[in-house]
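Have the model open beside you, and try each task before reading its solution.

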Amino acid sequence: MDFIWQDREIIFDAKPQQLECRRGETAIDSINSVEDTKGNNGERGSLIVTNLRIMWVAHANPRINLSIGLSCVATINIRKAKSKLRGPTQALCILAKFTSKFEFIFTSLVKHSPRLFTTVQAVHRAYETSKLYRDLKLRGSIVKDGDLILLPKEQIFTKVNGVWNLSSDQGNLGSFFLTNVRLVWHANLASNFNVSLPYMQVKSLRIRDSKFGFALVVETFARSGGYILGFRIDPKEKLEEVYKEVLSLHQVFAASPIFGVDFSVEAEAPSIEKITQPRIEEDVEITEDENQDSHAVAAYYVEGSAGADAEGGTHGEIVFDSKLGLAVEAMQSGITLDSLWRVV
């Protein structure tokens, strides 16, 4: 099974075949008339949201595109932006990290449509709450009273007792759960000593001789830690049976992966007027927030990250700071050097 990169990487100007959905990847929504306000301001395109990534493709030139893996996304929020096609408007801001930190800003060119915001946020939330389908997990709360806590759409095919985990010199006796999504082992004496290994992260399976005798060796991809896990099962005939079953389940998963992102699409998205709540005047007292400095820094960094636009614009005025003895960018009104240092 090849490494599944679609949700783990950010690709700029991807090849056409890289934008095609792989096995198990489903296009949840395709939103027409979306502007890439950050990198291609004034360029109209389509935003495709799948269960693994967010893609944007320019209408005029499809070679201009983005592929943003959902695993790379750090935060999603709504903020004001200046669009060449719509002017000042609300836009979707995505902060992501892959080798470096990136900021993406998308503006819907369809007025009064919250679809861009609701779809992306809902899919990302579903992705974040289903990591056990895709990520290796050590010492998790996955076993209760000796039974595996099943994930949605997960089925247990076999439970194997008498399995030794060879991660320590003495070895630990436990049990295997073989499901359609993952391989799970837990210690008999301490159920919280366990490992949940999705087939998605398995690079290779083999039987190898070790100092403990013949063992099932499972190797994971480097992106998931590059683990090499060994399990001993006696007698050898039983070990070979378990190996063949795990190999078969891994091959079945590779042919039809389950990534765990469940979704349902409404026939028609509600208009923004229907979901807007009326403003209510409340008698409240506003107090100073203890984290006011952190908010100021957040605003400062957002402004700094968006300071260089697609037109080759520059950041704010450069001034000399006598305290630092350095040339720095002029700070926004209300932000002082002391407040920045207090946050750091």
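Accessible areas here come from the Shrake-Rupley method with a 1.4 Å probe. Keep in mind that this is a predicted model.

**Exercise 1. Describe the protein's surface and its overall make-up.**

Solution. Start with the surface: the protein exposes about 19,800 Å², and carbon and sulfur atoms supply 51% of that area. Next, turn to burial: of the 344 residues, 40% are buried. Then list the secondary structure, which comprises 5 helices and 20 strands. Finally, look at the contacts between residues at least 6 apart in sequence: 53% of them join residues at least 24 apart.

**Exercise 2. Find the largest nonpolar core and say which elements supply it.**

Solution. Begin with the core itself, which has 28 residues; F176, L178, W185, V218 and F231 touch the most other members. Now trace the elements: those supplying at least two residues each include β13 (172–179), β17 (213–220) and α2 (236–255). The largest share, 5 residues, comes from α2. Then zoom in on V218: leaving out residues up to four places away in sequence, its contacts include L183, L197, Y227 and F231. Last, look for a second, separate core: this one has 27 residues, among them L47, I54, I76 and L116.

**Exercise 3. Are C72 and C93 buried or exposed, and how many disulfides does the structure hold?**

Solution. The cut-off for buried is under 20% relative accessible area. C72 is buried because its value is 6%. C93, at 2%, is also buried. As for disulfides, the structure holds 0.

Definitions and conventions
Residues numbered from 1 in each chain as written. Predicted model: local features only at pLDDT ≥ 70, side-chain atom pairs only at ≥ 80, totals over all residues. Heavy atoms only, no water. Helix = DSSP H or I, 4+ residues; strand = E, 2+ residues; numbered from the N terminus. Buried < 20%, exposed > 50% of the residue type's maximum accessible area, 1.4 Å probe, protein only. Contact = heavy atoms within 4.5 Å. Core = buried A, V, L, I, M, F, W, Y, C linked by side-chain atoms within 4.5 Å. Disulfide = S-S within 2.5 Å.
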